[in-house]
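Please keep the sequence and the structure in view while reading.

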Amino acid sequence: MKLSQFKFKLPEDQIAMAPNYHRDECRLMVAHRKSGRIETDLLFKNLLDYFDEDDALIFNDTQVFPARLYGTKEKTDAKIEVFLLRELNPDLRLWDVLVEPARKIRIGNKLFFEDDGPMVAEVIDNTTSRGRTLRFLYDCPHDEFKRELFALGAAPLPRYIIDKRAANEEDMEFFQTIYASKEGAVTAPATGLHFSRELMKRLEIKGVNFAFITLHCGLGSFDPIEVEDLTKHKMSSEQMFVSKEACDIVNTAKRGGHRVCCVGVSTARATESAVGTDGMLKEFEGWTNKFIFPPYEYNLANSLVANFYHPESTMMMSQCSFGGYDLVYNCYQRALKEGYKFGCYGDALLILDD
C-alpha cells in the first residue's frame, strides 16, 4: 500500500490535548472484522462486555520517564530543549539525547539545567542531525543522579501537544499506565492509559487473564514517513522483553480458543516480533524494528484495542493491518464525523475477530 492511502483531514479540535481524568471514560468504538459491523456510543469501560473468562489481555508494562528537559547553553544562555532517549553508560553518566535547536549545539558545548544547581552536561558526540551524546558532570551515586536528573524533567508529551501547551505535573501521572513497572519509555503506550484500577479489577473478577510484556516505546512511531512506498520506510529499533510467564498465559488462552487481545499497537509490534511459526508466543529479549502495514496477517492476537491516531501514522497502519484497510478506514471516517478524539490522549477502537 501507499502512504497517500492513509491521508485524511484531522480537525485541530479533534486532537486530544489533555487526559481524561476518569481513565476508562473515553469513548470507544467497536469494529467486527468478519461481519463489518461497527458499534459506537460506548465508553472504554464497556470493554468489559466483550471479554469472558479465560480470555487474555496483553499489556505493555513499560514505564515512561520524564525525558524532556530544558537547559541553557554556556556563555550565550540560549534556551535548549534536551530530550533524553536512553542511558548509554551509567558509570560515565552518558546519555543519548535529541537537542533543539540542534544547529546551536556542538561538541564541547556545556549545557546548564539549573540557575545555581549542579546539573551540567557536556556534548561529547554528534550522532544524527539532532542527536547528541551528553556526559553529565555530576559526582554522586548513580541512584541520586537519576533522581536529580528526572526531577528536572517533564512528561515527554508528543510534539503536537507540546507545541500548544507545556507539560504539567498531572501529565506525569496521566501519561503513565497504572501498571507501568519497567522504566525505559520516552512515550506512553497510549491505549493502556485508559485502563483504570476499577476496570482492571472487574476484568480480573470476570476471569480475564493479564499477560505483561515490555516494549520500551521510543519516538520511531512519530517519525514522519517520507516515502510513498511503505516498504522503503525503516522503523527505529526498540528494546523488548517477553517472559515465559507471559507466554504461558497467552498460549493457554489461544490453545483454548479464547480471545487474545493486544492492548495497543506497541504490544502488537512486540508480540508479532516474538511469535513463532506455530502461532504461539515465544520468550524474547532483544530489539525490534518491525513495521506493520497492510497487507499483513497477524499471527498471534485475534483482537486489538488501540487509539485513533494521526493521518499517515505507523500506528494507524498497524490497525489497518489487523482489521482490514476498508473497515478501519471507515471507522476513522465515522470517528471524524461523530467527534471522536485522536492521539495519545484520545478515544479508542476495539477490533474483534467476528
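On helix α1, the face turned away from the buried side carries the exposed residues D143, R147 and A151, where exposed means over 50% relative accessible area, buried under 20% and partly exposed in between (1.4 Å probe, protein chains only). This is a predicted model, in which local features need pLDDT of at least 70 and side-chain atom pairs count only at pLDDT 80 or more, while totals for chains, interfaces and linings use all residues. Residues are numbered from 1 along each chain as its sequence is written, and side-chain values use heavy atoms, with hydrogens and water left out.

**Helix α1**

- The buried residues of α1 (residues 142–151) are F145, K146, L149 and F150, and helices (H or I, at least four residues) and strands (E, at least two) are DSSP runs numbered from the N terminus.
- The buried residues of α1 pack against β5 (68–73), β6 (79–89), β7 (94–100), β10 (131–136) and β11 (182–185), with contact meaning heavy atoms within 4.5 Å.

**Aromatic rings**

- The whole structure holds 25 aromatic pairs, counted when rings of Phe, Tyr and Trp (its six-membered ring) have centres within 6.5 Å, with planes under 30 degrees apart called stacked, over 60 edge-to-face and the rest tilted.
- F136 and F145 form a tilted pair, at 5.6 Å centre to centre and 55 degrees between the planes; F136 is buried at 2% relative accessible area, and F145 is buried at 0%.
- The rings of Y325 and Y329 are stacked because their centres lie 5.4 Å apart and their planes are at 25 degrees, and both residues lie in helix α8 (residues 325–337), 4 residues apart, about one turn of the helix.

**Salt bridges**

- A search of the whole structure finds 23 salt bridges, each a side-chain nitrogen of Lys or Arg within 4 Å of a carboxyl oxygen of Asp or Glu.
- R86 and D96 meet in one of them (3.1 Å, N to O); R86 lies in strand β6 and D96 in strand β7, so the pair ties together parts that are 10 residues apart in sequence.
- R86 is partly exposed at 35% relative accessibility, whereas D96 is buried at 13%.
- R68, E81, R159 and D163 are linked in a network of salt bridges.
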